[in-house]
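Please look over the sequence and structure below.

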Amino acid sequence: MASLSSLLPKPRQTLASAPSAAPQLEKQINQLITKSTQSRIPPYGQRKSFRPRVAEDFGNGGAFPEIHIAQYPLNMGRKDQRASADRKGGALTLQVDEDGNVKYDAIARQGHSDDRIVHSSYKDMVPINERKDMDVDKLVMDRPSEEEVQSVAEKTRLALEKIVNTKIKALQPKNVGPPNGSGTNKDPTYIRYTPSQSQAGEGFNSGAKQRIIRMVDAPSDPMEPPSHLHKKVPRGPPSPPAPVMHSPPR
C-alpha cells in the first residue's frame, strides 16, 4: 500500500529553517535603517554643523564623539523635559480659566504650594459684598460665641503673664536664669543621707551617723561651643509678588 507522501507532488519551494532566517531578517532591518539614515546623517568629516537632537539622528548607534554637545542616543540619560523645565524655572504651559481667559497668575504661583493664596486679578480687590460671582448669603461668617471669646482671652492672658513673670525673675540677682524659666540655675536641693553600718566607722564618716548633701546643678560655660551641629536647610520660596493692576488698553 502506497503512503500519502508518495501520492502528493513534490513542493516547488523550500522554506529556510528558523535559526537561519533570524540573522537574515536582522540584516535586512539594519540595511533599511542604514538607508533611511544615510540621507539624514552627513559623512565623517562633514559634521561641523550637524546637531543630533532626536533618536533618528543616531541611526541605531551611539553618540558622535567629534560633536561636542549633549547627546542622548536612544534617549538614554534624557530626563523628563517637563520636570526639568519646572525645576529650572523654564517656560510655563499656557493655561486658561473657565471663561477662556489666560491665567497669568501661573507666573506668580510658580515655586509655591497649591494652598498659597495669590491675588492677581481685579476681582480680588473688590469687596466680597460687592462681588457678583459670589453668593454672600451662603458664606459662613458667624461671630464666635461669648464662651469661645472668654476661653481664648483667658489663654492669652495666662501666656502673657508667664512671659512677664519670667522677665521679672530674670531681673532679680538671685533668680538669674534662662528666659524660658528652665535651665541649670535652680535652687539647691538638700538630701539627708544615712550611711550603712559598715561605713559608719571613724575612718569613713568621722563618727557621724547621718549626712546632709547639698545638690546643685553644674554651671554651664557660656563660651563653650555647642555640642550638636546645626545644618542649614535651603530657604523656602519668597512671598508672592504684589499684583500690579494695569489700566485697560485704549
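## Salt bridges and a surface patch

R47 counts as buried, at 18% relative accessibility (buried: under 20% relative accessible area, exposed: over 50%, partly exposed: in between; 1.4 Å probe, protein chains only). This is a predicted model: local features need pLDDT of at least 70, side-chain atom pairs count only at pLDDT 80 or more, and totals for chains, interfaces and linings use all residues. Residues are numbered from 1 along each chain as its sequence is written, and side-chain values use heavy atoms, leaving out hydrogens and water.

R47 sits in the loop between α2 (18-38) and α3. Helices are DSSP runs (H or I, at least four residues), numbered from the N terminus. A polar atom of the R47 side chain lies 2.9 Å from the backbone oxygen of P42.

The structure holds 3 salt bridges (a side-chain nitrogen of Lys or Arg within 4 Å of a carboxyl oxygen of Asp or Glu).

| Salt bridge | Closest N and O atoms |
|---|---|
| E66 and R47 | 2.7 Å |
| E154 and R157 | 2.4 Å |
| E161 and R157 | 2.6 Å |

E66 and R47 both lie in the loop between α2 and α3, so the pair ties together parts 19 residues apart in sequence. E66 is partly exposed, at 31%.

E154, R157 and E161 are linked in a network of salt bridges. E154 and R157 lie in helix α5 (residues 146-171), 3 residues apart. E161 and R157 are 4 residues apart in helix α5.

Elsewhere, L94, V96, V102 and Y104 form a nonpolar surface patch. L94 is exposed, at 68% relative accessible area.

Terms used
Patches are made of residues with over 30% relative accessible area and no salt bridge: like charges are joined within 9 Å, nonpolar side chains (Val, Leu, Ile, Met, Phe, Trp, Tyr) within 5 Å. Accessible areas come from the Shrake-Rupley method with a 1.4 Å probe; for residues, only the protein chains shown count as cover. Helices (H or I, at least four residues) and strands (E, at least two) are DSSP runs, numbered from the N terminus. A polar contact is a pair of N or O atoms within 3.5 Å; within protein, one must be able to donate a hydrogen and the other to accept it, and residues adjacent in sequence count only if both atoms are side-chain atoms.
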